[in-house]
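Here is a structure to read alongside its sequence, taken up through questions and answers. Please look at both before going on.

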Amino acid sequence: MSETIKKPVLFSGIQPTGNITIGNYIGAMSNFVKLENDYDCLFSIVDLHALTVRQDPASLRRKSLELAALYIAAGLNPEESIIYCQSHVPQHAELAWILNCFTYMGELSRMTQFKDKSQKHADNINAGLFTYPVLMAADILLYQTDLVPVGADQKQHLEITRDIAERMNGIHPGLFKVPKPHIPKETAKIMSLTEPEKKMSKSDPDDSIITLVDKPDAILRKFKRAVTDSETEIRFDPENKPGVSNLLSIMSNMSGESIESIVSRLNGQGYGALKQQTAEATIERLKPIQLKQEELLKDKEYMAKVLKTNAERAQTLALRTLRKVYKKLGLYQP
Ligand code: AMP
Ligand code: TRP
């Protein structure tokens, strides 16, 4: 099968774990949709990464399919973009091994995500958790990627990816394209509703996150209970007013209205109005996505076909890079 690349390449991935939050949606998915037409895109369901913490097999399987449906429901086109499961393309794991041999223990031990996750899962600090960024680098470098849209928490992983690529290019010129991160300030970091100094994260308690499958009444209830501050003024000031600023940022991203416009429109009204309108904008934005996702998940045959065809498209591209790497590194190829 021939798969041709005409535009710059965009790669990103999301782990099929927990419930996808509006942090993932705003920080990652909505940017994927905005960029889709200008790039040849790959959007992966990174199921191998998910194995770095213990997963229930049935749930992992279900969540992988749900994430695939969500990519499409959010507006990505699986006839154009390659939407696929990482584990269906064995070249990711193969390249990760090679990159492991060009990555230092010291640089991996500086990764903040590794430090955080080893604290959270102190009973299971496995080697996969340690080499997680190497598999991520393999995901990206395998497709000679130009651009990687992610949230701010992935910046360090993009830096190590670039370091590995440059290190290997230094020995074998032209081996990899050195990718650039795409982390727009407005979408980089959506905060927890109950602890607004902390990033909203899939694995956090339910009342601190809004998931993409939350029903309108749950969305309204959670926003109403969101932590703000003891003042009354609605003002965008993430440092001093993290809760209020987070609500403004969510409302702006969900409705498309600028933060300045929201602030001046709500001038003199209380936090109650801000919470109510943030909830309404979120419900409105998620409604068509939820309906579409449900519809897609009913059509198991279609979903299976999309994932199978797209994994084949990805393999064609992945093999090109992997063969080149094997050859340049001196692995005998008959
Ligand atoms: P993960 O949930 O770790 O698989 O993250 C998938 C994508 O969503 C990555 O690009 C993250 O950087 C992004 N992301 C996750 N949480 C947030 C958040 N609270 N704000 C912005 N982006 C996020
Ligand atoms: N590590 C990313 C996260 O947790 C997910 C991911 C894996 C990814 N491989 C990737 C993101 C490649 C961008 C590109 O959010």
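Q: How far is an oxygen atom of ligand 1 from an N or O atom in the side chain of Asn24?
A: This is a predicted model, in which local features need pLDDT of at least 70 and side-chain atom pairs count only at pLDDT 80 or more, while totals for chains, interfaces and linings use all residues; side-chain values use heavy atoms, with hydrogens and water left out. Residues are numbered from 1 along each chain as its sequence is written, and chains are lettered from A and ligands numbered from 1 in the order in which they are written. A polar contact is a pair of N or O atoms within 3.5 Å, and within protein one must be able to donate a hydrogen and the other to accept it, with residues adjacent in sequence counting only if both atoms are side-chain atoms. Between the side chain of Asn24 and an oxygen atom of ligand 1, the distance is 3.0 Å.

Q: Which helix gives the largest share of the shell around ligand 1?
A: There are 17 residues around ligand 1, and Gly151, Asp153, Ile190, Met200 and Lys202 come nearest, where a residue is near a molecule or strand if one of its heavy atoms lies within 4 Å of it. They divide into six nonpolar, seven polar and four charged, with Ala, Val, Leu, Ile, Met, Phe, Trp, Tyr, Cys and Pro counted as nonpolar, Asp, Glu, Lys and Arg as charged, and the others, Gly among them, as polar. Helices (H or I, at least four residues) and strands (E, at least two) are DSSP runs, numbered from the N terminus. The largest share, four residues, comes from residues 22-35, which form helix α1.

Q: How much of the area that ligand 2 exposes when taken alone does the protein bury?
A: A nitrogen atom of ligand 2 lies 2.7 Å from a polar side-chain atom of Tyr132, and the side chain of Asp139 likewise has an N or O atom 2.7 Å from a nitrogen atom of this ligand. For Gln154, the distance from a polar side-chain atom to a nitrogen atom of ligand 2 is 3.0 Å. Taken alone, ligand 2 exposes 360 Å², and the part of it that the protein buries is 91%.

Q: Which element gives the most residues to the shell around ligand 2?
A: Ligand 2 is surrounded by 13 residues, the closest being Gln15, Tyr132, Met136, Asp139 and Gln154, and the shell divides into seven nonpolar, five polar and one charged. Both β1 (9-14) and α7 supply at least two residues each. With four residues, the element that gives the most is α7.

Q: Is Gln144 buried or exposed?
A: Gln144 lies in the loop between α7 (127-141) and β4 (147-149), and its phi is near 50°, a positive value in a residue other than glycine. Buried means under 20% relative accessible area, exposed over 50%, and partly exposed in between (1.4 Å probe, protein chains only). Because its relative accessible area is 19%, Gln144 is buried.

Q: At what distance does the side chain of Ser245 reach the backbone oxygen of Lys241?
A: Ser245 belongs to helix α10 (residues 242-255) and, at 2% relative accessibility, counts as buried. Lys241, in the loop between α9 and α10, is buried as well, with a relative accessible area of 1%. From the side chain of Ser245 to the backbone oxygen of Lys241, the distance is 2.7 Å.

Q: With the side chain of which residue does the side chain of Ser203 make a polar contact?
A: Ser203 is found in the loop between β5 (180-182) and α9 (216-224), and it counts as exposed because its relative accessibility is 55%. At 3.4 Å, the side chain of Ser203 makes a polar contact with that of Lys120.

Note on methods. Accessible areas come from the Shrake-Rupley method with a 1.4 Å probe; for residues, only the protein chains shown count as cover.
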